[in-house]
2 protein chains.
Amino acid sequence: MRRDDIPTPALLLDLDRFERNLARMAAHVKRAGKNLRPHAKTHRCPEIARRQVAAGALGVACAKLGEAEVMARAGIRGLLITTEIVTLPGIRRLTRLVAEAPDTLVVVDDAENVAVLGREAAADGVVLNVLVDVDVGNRRTGIAPGEPAVALARAVAAQSALGFRGLQGYAGHCAHVIGWDKRRDASLAAMAPLMETRALCERAGLPVEIVAGGSTGTHDIDVELPALTELQSGSYCVMDLDYRRIGGRSGALLTDFEMALTVVATVVSVPTRDRAMVDAGLKAFSTDKPFPPEAVERPGVEYGFAGDEHGRLTVTDPSRAPRLGERIEFFPPHCDPTINLYDRIYAVRGDRVEAVWEIAARGRSD
Amino acid sequence: MRRDDIPTPALLLDLDRFERNLARMAAHVKRAGKNLRPHAKTHRCPEIARRQVAAGALGVACAKLGEAEVMARAGIRGLLITTEIVTLPGIRRLTRLVAEAPDTLVVVDDAENVAVLGREAAADGVVLNVLVDVDVGNRRTGIAPGEPAVALARAVAAQSALGFRGLQGYAGHCAHVIGWDKRRDASLAAMAPLMETRALCERAGLPVEIVAGGSTGTHDIDVELPALTELQSGSYCVMDLDYRRIGGRSGALLTDFEMALTVVATVVSVPTRDRAMVDAGLKAFSTDKPFPPEAVERPGVEYGFAGDEHGRLTVTDPSRAPRLGERIEFFPPHCDPTINLYDRIYAVRGDRVEAVWEIAARGRSD
């Protein structure tokens, strides 16, 4: 199959760029003396997870139990589920997963949840490896750093069917701060209480083996923290417009990783000289960012959303007006929710489709 | 299965409300002497299409060939594909579909595309039923009304393997005009050139059997047009916040149809007294509208997006602070792209799950 034979709209992965992204991150964490457990919520694709592990990752992080179940079934180990599991049916699924993949890590931020997890794990005859989820200012999940987190770690350690392994802190509010210096200041300030919490735990006799955190935006910042043991960056493997625009250590664009993910669309209507319509709209791209998809190496047009299944190209250069049937690729604004719209990703090298990978955990937010 | 046993986040359809919506639209079009071919891009669910047809619809409209293929395979007939099909592989899939479902209608807005469709249909031994797609000011697809549209209709009629059946005009820019009177003025003005085009076609000896258009917002407006034969409204069957807010003939909210679609989520973290986190974020709701999901009959909390898998509930009434594990339902901002995130819809009546329907055309934007 050739690139031009793929029915549109479709999700494309440029393999050369993708492989360079994996190699660069692997070299980066090695140099920094850190581990990597990349976030699979980005891609939800077992084949990508497999390649990340082959490049040296400990495993993958999963936002949800459903994602983790798909990854485990595909043979991926070293899973970290980064969201609390609080319902009884969820906890029963979790203990079944852990029976199959015993090195799976889960997070907690609530003492009652710790008690229920401990009771259910004991009943099901498994040991759950637990990280305490600490709020480092993201105002999402996570217990307050310092004494509250230490008390929760102690509660975990007190349960015979739970193993306290360490801490997680995700500074999501720092990931997209524009400008590297500003982002560094924000992230190091946010992560400082997590590092202090580690020290407090150890002083309390609770050994901390894992301190997990970091994003693609802070991948070359959080490694400065001696107490951090592993990075959770996810988007680096494919990149998107939202991360590109935050800038890198040197330069107005983040270029440490390459834009490997595109959506290919077809021009289905050219009703006027200043407008052409493509077959990719709200159901083909993420829509949570305040900027639109961007045509790849295709000057003369600007994309605007025009409904579920249409994008409106405004012709800015009449000499490059699109023709009916022309195929145009676009960088999506945000990789994770874009990938989650598709059942498969076409892995391309130049004009050739080398493989088609199933996005097996697509829709698995349960 | 009971409502509270559904793993979250999940998509729920309130059957009582849904059935009343179908019955109300059926009575409305009957009273107005019009046909209904509701847009299945809203739900992508063959079982919903089947019920719409059972309630009197001619068939369903599909935004894409992929959707139509799924509907045809499920036995739905009377399909209208509302987007132009311009590539050769697409046209070959189309002629195969038409061999199976001969009453399928397709739209055109380009003379060269008409020639290719005519040639390929003849080669494949099928007759394609064609509507000319007319731009009524939506600035999406569609040829200009008046003489250009008549000339294209003539080109269709000249092809022995194409049957000219009529016109389509979708005034998408009028569908969400807030305030019924304003919306009526906008839609009738937009649709007037379509009605004139019908008259011009007939004067030119081209009988017009079908004139299709209309949205949920204009369902009780466009029926005033004597020359319109069928409505394409889609969202009416489930409704959403975006349509509710446009107002009805009498009242600040559109209440002709009931809010039948919800997303159920679980509170997975209550880190502080003023905040609780649910397990439904960017991958659980549409994000293309400038307003968030709304909790259903659950005062005291306001939803805000907080990442792929999290929603942040701000507690506005401390006496109603969410508890860990509590289930909360939300109305999605926009039904079509919300439904497109899920593989199935739980059809509930009160506390009971009566059925689980496959959203079989989910992701079929090809």
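What pLDDT does chain A average, and what percentage of the residues score at least 70? Chain A averages a pLDDT of 98, and 100% of the residues score at least 70, pLDDT being the predictor's confidence in each residue, from 0 to 100. This is a predicted model, in which local features need pLDDT of at least 70 and side-chain atom pairs count only at pLDDT 80 or more, while totals for chains, interfaces and linings use all residues. Residues are numbered from 1 along each chain as its sequence is written, and chains are lettered from A and ligands numbered from 1 in the order in which they are written. The model scores ipTM 0.97 and pTM 0.98.

**Relation of the copies**

**Interface between chains A and B**

- In chain B, 52 residues are in contact with 52 residues of chain A (contact: C-beta atoms, placed from the backbone, within 7 Å).
- On the side of chain B that touches chain A, at least two residues each come from α5 (111–124), β10 (261–272), β11 (275–278) and α9 (335–339); helices (H or I, at least four residues) and strands (E, at least two) are DSSP runs, numbered from the N terminus.
- β10(B) supplies the largest share of that side, four residues.
- By type, the residues of that side are 17 nonpolar, 16 polar and 19 charged (nonpolar: Ala, Val, Leu, Ile, Met, Phe, Trp, Tyr, Cys and Pro; charged: Asp, Glu, Lys and Arg; polar: the others, Gly among them).
- The copies meet through the same surface, because 100% of the interface residues of chain B are also interface residues in chain A.

**Sheet in chain B**

- Eight strands of chain B form an open sheet with parallel pairing, in the order β2-β9-β8-β7-β6-β5-β4-β3 (strands pair if DSSP finds at least two bridges between them).
- β2 (35–36) and β3 (61–62) of chain B are at the edges with a single partner strand each, so one side of each has no neighbour in the sheet.
- Strands β6 (residues 128–133) and β7 (residues 162–169) of chain B run parallel and are joined by six bridges.
- Opposite Asp133(B) stands Gln168(B) in β7(B).

**Domains of chain A**

- Chain A is divided into domain 1 (3–8 + 256–358) and domain 2 (17–237), with bounds from an automatic or database domain assignment.
- The centres of the two domains of chain A, taken over C-alpha atoms, are separated by 34 Å.

Note on methods:
Two residues are in contact if their C-beta atoms, placed from the backbone, lie within 7 Å.
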